[in-house]
Every structure is written in C-alpha cells, then in structure tokens.
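Thanks for coming. I have one structure to go through today, so please look at the screen.

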Amino acid sequence: MADHQAWFAAGGGMESVAGFISPRSARTFSTLLSWQLQAGLRGSLAEIGTYYGKTFVGMALAAGEDRLVGVDVFEGDIAEVLVSHLNRVVDPETVANIRFAKADSRTIDRAGWAEL
C-alpha cells in the first residue's frame, strides 16, 4: 500500500483517478496531512465532493484508524468507482472506517454530521 505522500506526488497514484487537483493543491494536502501526523493530531476527516476520489483516497491513506467521511451526490457510477479505487489502494481496516453520505452537503444538519 502506498502512503499519502506517494499518492499526492507528481506522477503518483492520484494520476490514475479522474478529476482535478492542481499540483500545488496536491502538495498542500500532502504537507498538511504529514504535519498533522507528525504532530500527533488525530481525528475525523471529511471531504465534500469526493467525485472519484483523487483527493479522498489520499486522505484515506493518511487517516489510518480515524474516521473518514465522504459527501457527494454520487450520481451515476461515482460511488462504485470511488470504492474500487479505495479497495485497490487502501488497507481494509482503513476502508472499514470510511462512511459516505449521498447528499448535498448543504442539507446535512449538525446531528447528521455527528452521526456520520
């Protein structure tokens, strides 16, 4: 299994997933996730608008045992393709901690976020 740094690196795993993230944003995500891990900052992560997982998979690689939530309207085959990418790259224990909400994020209230 790759780590989040390899995923977000130029020519890394993220290149195999449809979607867009600028090289600068990818480096920023990787740096922030690395800093959080080194500082011992743990806790749930969430992404609104997961699409096929270009960013979400990298976040999953850094999440470890922490909960990861993906929110999207998941039209068409998006959910199946995203799960396929996760299962290909992320260990099963981490995948077990992932939750999805098929929703417009503007419709999720505090209780809904807490439940996720």
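Start with the exposed face of helix 2: R24, T31 and W35 are the exposed residues there, on the face turned away from the buried side of the helix. Keep in mind that this is a predicted model.

Together with L32 and L41 it makes a nonpolar patch of about 320 Å².

Now the other face. Which residues of helix 2 are buried? They are A26, S30, L33 and S34. These four cover an arc of only 100° around the axis, so they sit on the same side of helix 2. The general rule is that an α-helix has 3.6 residues a turn, and therefore residues three or four places apart point the same way.

What do the buried residues of helix 2 pack against? Their partners are helix 1, residues 4-8, strand 1, residues 45-48, and helix 3, residues 56-63.

A check on the geometry of helix 2, residues 23-38. With 16 residues at 1.5 Å a residue, the helix should span 22 Å, and its end C-alpha atoms are 22 Å apart, which agrees. Just after helix 2 comes G40, with a positive phi of about 75°.

Last, helix 3, one of those packing partners.

Definitions and conventions
Residues numbered from 1 in each chain as written. Predicted model: local features only at pLDDT ≥ 70, side-chain atom pairs only at ≥ 80, totals over all residues. Heavy atoms only, no water. Helix = DSSP H or I, 4+ residues; strand = E, 2+ residues; numbered from the N terminus. Expected span 1.5 Å × (residues − 1). Buried < 20%, exposed > 50% of the residue type's maximum accessible area, 1.4 Å probe, protein only. Arc of directions from axis to C-beta. Contact = heavy atoms within 4.5 Å. Patch = residues over 30% accessible without salt bridge, like charges linked within 9 Å, V, L, I, M, F, W, Y side chains within 5 Å. Areas by Shrake-Rupley, 256 points an atom, 1.4 Å probe, with all protein chains shown as cover. Salt bridge = Lys/Arg side-chain N within 4 Å of Asp/Glu carboxyl O.
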